[in-house]
Amino acid sequence: MSRAPEPVRGMRIAVVGGGPGGLYAALLLKRLDPGRRVTVWERNAPDETFGFGVVLSDETLGGIENADPEVYAALRGHMVRWDAIDIVHRGRTLTSRGHGFSALGRHTLLAVLHERCRRLGVELRFRSAAPPAAELARSHDLVVAADGVHSRTRAAHADTFRPRLRTHRCRYIWLAADLPLDAFRFEISETPHGIWQLHAYPYARLGDDPAGRSACTVIAEAREEVWRAAGFDACDEQESAARVAALFPHTLGGAALRTNNSRWDAFRTVTNDRWVHTENPGSIVLLGDAAHTAHFSIGSGTKLAVEDALALAACLEEQPRLSDALAAYEAERQPVVRSTQRAAHASLTWFEELGTYTGQPPRRFAFNLLTRSRRVTHGNLRLRDRAFVEAAEAEAGTPPGTPPMFTPFRLRGLTLRNRVVVSPMDMYRARDGVPGDFHLVHLGARALGGAGLTMTEMVCVSPRGRITPGCTGLWSDEQEAAWRRVADFVHAQSPTAALGVQLGHSGRKGSTRLMWEGMDEPLPTGNWPLGAASPLPYRPGVSQTPQELDARQLAQIRQQFADCAGRAARAGFDLLELHCAHGYLLSGFLSPLTNHRTDGYGGDLDARLRYPLEVFDAVRDVWPRQRPMTVRISATDWADGGTTGEDALRIAAAFAEHGADAVDVSTGQVVAHEQPERGRSYQTPYADRIRNVLGVPVIAVGALSSWDDVNSLLLAGRADLCALARPHLYDPHWTLHAAAEQDYSGPGAPWPEPYRAGSRKPPTGRTDGPRPRLEL
C-alpha cells in the first residue's frame, strides 16, 4: 500500500552521494526552503574525487545563475572558456571555431558546492557510507539517490526502476596534463595494433589549479581488441599514463600525464524505466548517473546531473505535494535525457567505428567528427564557422554557393540532378493493380517538386504478391500502359527528374486491409493464399499462415519479377529497385527469424541469400544495361536472433557483386515483435557503415525531415542519396522549398516554368511594431 503523499515544505531529505549532482540538489532544496533538514552522505573525504575537469554548457550555467547567483559567481571566476575544436589526424590539424565551452576543475567545483552547502545549513557527512535507501526512507520524507553509475539504490529497487545497463566496446582512461590548451582537442593515432583517439580540454588556467598550473583533462580511448593487443591490460596506472603520453605527440608533446585513481574502464550506458520509487516506506528518486549516463564524447555527466538537480528543485517548488513534484520531475527530465542519450549513442558508436572513417579526405573527416552526434549539423556549423564548412564543401567537389544536397550524382547511365529521393510509399489507390489518376498526380507532383529521383510505391509482380487489394502491379499490359502515362508526364514536365520503380512481392505480409482500415489485419473476406520462405505467420494468431514455397513456385515468382522488369523498362522508368526489406517475400528469405528452410535456400546466410540473388540476377538480365538498379534491405530486424549489422554488410556486398548500383538501407518491419530504437535519422548509421566499409553507394532513409540533415549526411560522407517519405506527404515541393530557404537557384533544383513566380518565399504579415517615439 502506498504512503499518502506529503507536502513539500519542511521536509527531511537524505541525499546519497556527494558528487556535484547530489551537492547541488542539496543546496538548492535547502535554499528554497530553509525549514528543510537536508543531509548528504558521501563515503569519500571532501578532497577525494575521480577525474579532473568538468565541462558545463552555457545553458547549464544559465540555469545555475538563475537558481543561485552566489554559486554561479563563485564558479565563474574559475571557468576556462574557449570556442575552438582542433582535430589532429595524420599529422594535420584542422580547427573549427565558434563552439563555446566552459570548464573548471572538479576539485574546485566540489569546494564551491561544499562551502555553499555549509553556509546554507546542509549537513555534510564525509567518509560515511549512507544507510540503504529503504532504511533512510523510514526516517526521511525524500531520499535523493545520487550514488553514481554503480548505484546501490538502483540495484536494491531494480523491480521498480527497471534499469538496463549496456557495456560498450572501447576502453578508456581519465588522465591530466599540465598544458595550456586553448581548444577542445581530438587526436587520432594509428598504431600497429589499431586506432586510438584522444579527447582533451583545458580546465584550469595558470594559477586556478590547486597546484597553480595550467591543466587539461586527457582521455585516451581504443577498441577493446586494440587495447589488449597493445598490452595495456597488463599495465598499472603509472605505466598506462606513460604509454598513453607517447601515443599522442601532437597534443601532448612529451608532457607527462598525471593520474587520479585512473583506471581503464568500458563505458556503460544506464537507462531506467522509472526514476521514482514511492511505495512503502517512502519516496526515493534517482538523480545523475544513478538514473542515466551519456558518453563523455558529447559532454559531461556532471552537466546532466546538475540539470537534474535544477529540475527536481523546481518541481518541488512548483507542485503542492511530493508525489506530484516527483511525477513532474520524471516527466520533465526523461524525454530530455533520452534525447541526449540518443545523441551520445551516435557519438559513441562513431568513435567505436572510427577505423571506418580514417581514410576520408581530411576536411570531410573533420566535418564528420564534428557532426557525429547529429546535434551539430551542416547548418549550425556553417553559422559557427562558415570558412570551415566551405572548405569541406570545396574538398568534396561541391560547386561554390551550392548546398551539398543539390550536387548531381551518377548511377550507371543516369545522372540525378540532386541527392533527394522521394521514398517509396504505398498509396493503396489502385484498382486491380492499375495505377490511376491519383498516382499520376501523386508522383507527378513530387517530381515537379524538385526531387532528383521519385520512387513509386512497391509495385507487385502478381495478384498474389500484393499487400492489399489497393496495391499497384506490373503484370498486365493495362498496368504497363498506365505506368507509361506517369513516366511520360514526369519526363515531359520535369525533364531532369528521374522516376524509379520498386518491384516486390508481399510474401507472408499479403492479403491485408488497407492501411487506414487496419494495418497488417487480414481481409474480412476475399483473402488469397500466401507463400513465403517458411510457413510462419507475421502476427501469430492474427495473420494468415503462408505456404512454404517449393522449387516450382520459386521459379514461377522469379520469372514474374523478370517479366515485370521488362514491362518497367518499356514503361520508361529510369531506375529499378528490388524490394528485399520490411519482411516481404525476398526479405523473408534473408532473415533467420523468417527463414527456417532446410533446403538449399535456408540455413546459413549464404544459403538465405541464394534466392534473392537469383531474383536479382533475373531482373538485371532483362533490365537495360545502361539503367541503374538498386536494392532495398533491412539492415537489422530490431529483434534478438535476427539480421545483424555484420549480416547487413555481407548482404549489401553480395548484391553489389551481382551488379547493384546502390543499396537502399532501411531497417526492421520484418517481425511483429521488433523493438526499434527510434529517433531522428535513427536508421542512417546502418547506411553509413555499409558505405564506408564496403565503398558501395547508399541511399539513407529513416526519420530524415530537414534539409539540414540531408546536407549533413552527404557532406560527412555517410550517404550518397537521402530518401524522405513523410516530408514529401506534408509538402510535395519539399526540395524546391529547401532550395528557396537556402537561397539556392541552380540546376540542382529547377523550378517548372509555370511555378517560377513562386520560387521566392512569400512575404508574411508585418510583425515588427512602429519605431518608438523620441522621449522628450
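In helix 16, residues D437, H439, L440, L443, G444, A447 and L448 meet W483, R485, V486, F489, V490 and Q493 of helix 17, where contact means heavy atoms within 4.5 Å. Helices (H or I, at least four residues) and strands (E, at least two) are DSSP runs, numbered from the N terminus. The model is predicted, with local features requiring pLDDT of at least 70 and side-chain atom pairs counted only at pLDDT 80 or more, while totals for chains, interfaces and linings use all residues. Residues are numbered from 1 along each chain as its sequence is written, and side-chain values use heavy atoms, with hydrogens and water left out.

By class, the contact of helix 16 with helix 17 comprises eight nonpolar, three polar and two charged residues. In this classification, Ala, Val, Leu, Ile, Met, Phe, Trp, Tyr, Cys and Pro count as nonpolar, Asp, Glu, Lys and Arg as charged, and the others, Gly among them, as polar. Helix 16 spans residues 437–448 and helix 17 spans residues 477–493; the two pack at an angle of about 25 degrees, with their axes 9 Å apart. Axes are lines fitted to C-alpha atoms, for helices over the stretch in contact, and angles run from 0 to 180 degrees between N-to-C directions. Helix 16 and helix 17 are therefore roughly parallel to each other; angles under 35 degrees count as roughly parallel, over 145 as roughly antiparallel, 65 to 115 as roughly perpendicular and the rest as oblique. The crossing of helix 16 and helix 17 is right-handed. A crossing is left-handed if the near helix is turned anticlockwise from the far one by less than a right angle, and right-handed if clockwise.

The protein chain is divided into domain 1 (12–350) and domain 2 (408–758), with bounds that come from an automatic or database domain assignment. Taken over C-alpha atoms, the centres of domain 1 and domain 2 are separated by 44 Å.

A closed barrel of eight strands, in the order 20-21-22-25-26-27-28-29, shows parallel pairing. Two strands pair if DSSP finds at least two bridges between them. Six bridges link strand 21 (residues 453–460) with strand 22 (residues 498–504) in the parallel sense. T454 has L499 of strand 22 as its bridge partner.

Helix 22 (residues 645–657) lies across strand 25 (575–580), strand 26 (629–634) and strand 27 (662–666), and runs at about 165 degrees to strand 26. Helix 22 also packs with helix 23 (residues 684–694), at an angle of about 60 degrees and with axes 10 Å apart. That angle makes helix 22 oblique to helix 23. Their crossing is right-handed. On the helix 22 side, G645, E646, A648, L649, A652 and A653 take part, meeting R689, I690, V693 and L694 of helix 23. The residues of this contact divide into seven nonpolar, one polar and two charged.

An open sheet of three strands has the order 3-7-4 and antiparallel pairing. Strand 3 (53–56) and strand 4 (80–82) stand at the edges, each with a single partner strand, so one side of each is left without a neighbour in the sheet. From one strand to the next, the twist averages 30 degrees. Strand 3 and strand 7 (residues 101–105) run antiparallel and are joined by four bridges. L56 has S102 in strand 7 as its bridge partner. Helix 2 (residues 58–67) packs on this sheet, touching strand 3, strand 4 and strand 7, and its direction makes about 85 degrees with that of strand 3. Helix 4 (residues 106–120) also packs on the sheet, touching strand 3 and strand 7, with its direction at about 75 degrees to that of strand 7.

Helix 4 packs with helix 1 (residues 20–32) at an angle of about 25 degrees, the axes being 9 Å apart. Helix 1 and helix 4 are therefore roughly parallel to each other, and their crossing is left-handed. P20, L23, Y24, L27, K30 and R31 of helix 1 form the contact with R106, L109, L110, L113, H114, R116, C117 and L120 of helix 4. By class, this contact has nine nonpolar, one polar and four charged residues.

T191 lies in strand 11 (residues 184–191). T191 touches W196 and L247, not counting residues up to four places away in sequence. T191 and V226 are 35 residues apart in sequence, and their C-alpha atoms are 9.2 Å apart in space.
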